[in-house]
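Here is a short briefing on selected contacts in one structure. Please read it alongside the sequence and the model.

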Amino acid sequence: MRFLSRRLVMPSDLNYANSLFGGRALEWIDEEAAIYAICQLETNCLVTKHIGEISFESPALQGDIVEFGLATKAVGRTSITVTCLVRNKETKKTICLADDIVFVQVDPQTRQPIAHGKTQEQLIGQTERELRALNLLDT
């Protein structure tokens, strides 16, 4: 799992108990997962179709930096399924796990699903090339 993004928990992100509001966490997860899927499939014509099980494990408090780990779980003809783990950057404690987030590529005019032409093997190779280009993977 690659941790690709971080956010600072601000006062406007808190619930009545002064911890990160679950709805805000889900908003961030949907956005981060969508960006990840867009980069993987190299298209921005994606829609969120499904978010599976969501498990909240520990709170995030004001001032905490949370980071988002994302991984491709499956690739279909028109879809990509990703997992997102949100954790506290400092303590590495899991804040939330969202599994089976499914995005579907759609035609911009008809909004109907269309094939994206990618396979899981292609995406693995693409990711390895990107990591090598950034000097983040041994050659």
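Thr 94 counts as partly exposed, because its relative accessibility is 27% and partly exposed covers values between under 20% for buried and over 50% for exposed. This is a predicted model.

**Thr 94 and its surroundings**
- Thr 94 is part of strand β6, which spans residues 94–105.
- Not counting residues up to four places away in sequence, Thr 94 touches Glu 57, Ser 58, Leu 85, Val 86 and Arg 87.
- Glu 130 sits 36 residues from Thr 94 along the chain, and their C-alpha atoms are 27 Å apart.

**Rings**
- Arg 87, one of the residues Thr 94 touches, lies over the face of Phe 3, at 3.5 Å from the ring centre.
- One aromatic pair turns up in a search of the whole structure.
- That pair is Trp 28 with Phe 68: ring centres are 6.3 Å apart and planes stand at 80°, so it is edge-to-face.
- The pair links distant parts of the chain, with Trp 28 in helix α1 and Phe 68 in strand β4 (residues 65–75), 40 residues apart.
- Trp 28 is buried at 6% relative accessible area; Phe 68 is buried at 1%.

**Helix packing**
- Helix α1 (residues 22–41) and helix α2 (residues 120–133) have axes that come within 10 Å and cross at roughly 95°.
- That angle makes α1 roughly perpendicular to α2.
- Cys 39, Gln 40 and Leu 41 of α1 meet Leu 123, Gln 126 and Thr 127 of α2.
- By class, this contact has three nonpolar, three polar and no charged residues.

Notes:
Residues numbered from 1 in each chain as written. Predicted model: local features only at pLDDT ≥ 70, side-chain atom pairs only at ≥ 80, totals over all residues. Heavy atoms only, no water. Axes fitted to C-alpha atoms, helices over the stretch in contact; angles between N-to-C directions. Helix = DSSP H or I, 4+ residues; strand = E, 2+ residues; numbered from the N terminus. Parallel < 35°, antiparallel > 145°, perpendicular 65-115°, else oblique. Contact = heavy atoms within 4.5 Å. Nonpolar A, V, L, I, M, F, W, Y, C, P; charged D, E, K, R; others polar. Buried < 20%, exposed > 50% of the residue type's maximum accessible area, 1.4 Å probe, protein only. Phe/Tyr/Trp six-rings, centres within 6.5 Å; stacked < 30°, edge-to-face > 60°. Lys NZ or Arg CZ within 6 Å of the ring centre and 35° of its normal.
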